[in-house]
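Student: Could you take me through this structure, feature by feature, and show me how each one is read?

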Amino acid sequence: MDGRMFGLETPLMVALQHLLDVPDGDAGAAGGDKAGSGAAGGATRTYVRDARAMAATPADVKELPGAYAFVVDMPGLGTGDIKVQVEDERVLVISGERRREEREDAKYLRMERRMGKFMRKFVLPDNADMDKISAVCRDGVLTVTVEKLPPPEPKKPKTIEVKVA
């Protein structure tokens, strides 16, 4: 779909549309780079795949009094299809793959549900407790909870005894 139809001709929207329109086989080949390294100025195949996966995975992020909650819709996925990791000590990564069931006696008349890899990355704040992260998938909704560290106790003033000489 052309973004001009809705008045979305900003450079950012044009760049996003370009990323989403690049077929998998052509990614990285813009400058004659078939290997996908991107050295000739074209986007790498990995970058395009990750950009598509992130654009297609909406998430809600909530700050609660004692934790942060990341909520992502995951209809039809089981625990084996979803991966929750922490990279580089502070980056929460939610990823996985949605596969289409294949049957020989059925053919698709319409395919509207998104299939393929999905991914979201979130940089966690400094007060996130990296040792207290939990993930629960219930009724097709994944909720990743990251507990907050307790606030530091206020420092008490140090009293120095004055000696009389």
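This is a predicted model: local features need pLDDT of at least 70, side-chain atom pairs count only at pLDDT 80 or more; totals for chains, interfaces and linings use all residues.

Student: How do I read a sheet, and in what order do the 4 strands of the open sheet stand?

Tutor: Strands of a sheet pair through backbone hydrogen bonds, and the pairing is either parallel or antiparallel. In the sheet of 4 strands, which is open, the order is β1-β2-β7-β6 and the pairing is antiparallel. Its edges are formed by β1 (59-63) and β6 (128-138), each of which pairs on one side only, and the twist from one strand to the next averages 15°. Within this sheet, 7 bridges link β6 to β7 (residues 141-148) in the antiparallel sense, and Val136 stands opposite Thr143 in β7.

Student: Where is Asp139 found, and is Asp139 buried or exposed?

Tutor: Asp139 belongs to the loop between β6 and β7. Its phi is near 55°, a positive value in a residue other than glycine. With a relative accessibility of 76%, Asp139 counts as exposed.

Student: Which order do the strands take in the open sheet of 3 strands?

Tutor: That sheet has the order β3-β4-β5, again with antiparallel pairing. The edge strands are β3 (82-87) and β5, each pairing on one side only, and neighbouring strands are turned against each other by 15° on average, direction ignored. Between β3 and β4 (residues 91-98), which run antiparallel, there are 6 bridges, and Glu87 has Val91 in β4 as its bridge partner. The loop between β3 and β4 contains Asp88, which is not a glycine but has a positive phi of about 50°; at 68% relative accessibility, Asp88 counts as exposed.

Student: How many aromatic pairs does a search of the whole structure find, and why is the pair of Phe70 and Phe122 called tilted?

Tutor: The search finds 1 aromatic pair. The ring centres of Phe70 and Phe122 lie 4.8 Å apart and the ring planes meet at 45°, so the pair is tilted; planes under 30 degrees apart would count as stacked, and over 60 as edge-to-face. Because Phe70 lies in β2 (residues 67-73) and Phe122 in β5 (residues 116-123), the pair ties together parts that are 52 residues apart in sequence. Phe70 is buried, with a relative accessible area of 4%, and Phe122 also counts as buried, at 10%.

Student: Which residue lies over the face of Tyr68?

Tutor: Lys148 lies over the face of that tyrosine, at 5.0 Å from the ring centre.

Key
Residues are numbered from 1 along each chain as its sequence is written. Side-chain values use heavy atoms; hydrogens and water are left out. Rings of Phe, Tyr and Trp (its six-membered ring) pair if their centres lie within 6.5 Å; planes under 30 degrees apart count as stacked, over 60 as edge-to-face and the rest as tilted. Helices (H or I, at least four residues) and strands (E, at least two) are DSSP runs, numbered from the N terminus. Buried means under 20% relative accessible area, exposed over 50%, partly exposed in between (1.4 Å probe, protein chains only). A charge sits over a ring if NZ of Lys or CZ of Arg is within 6 Å of the ring centre and within 35 degrees of the ring normal. Two strands pair if DSSP finds at least two bridges between them. Axes are lines fitted to C-alpha atoms, for helices over the stretch in contact, and angles run from 0 to 180 degrees between N-to-C directions.
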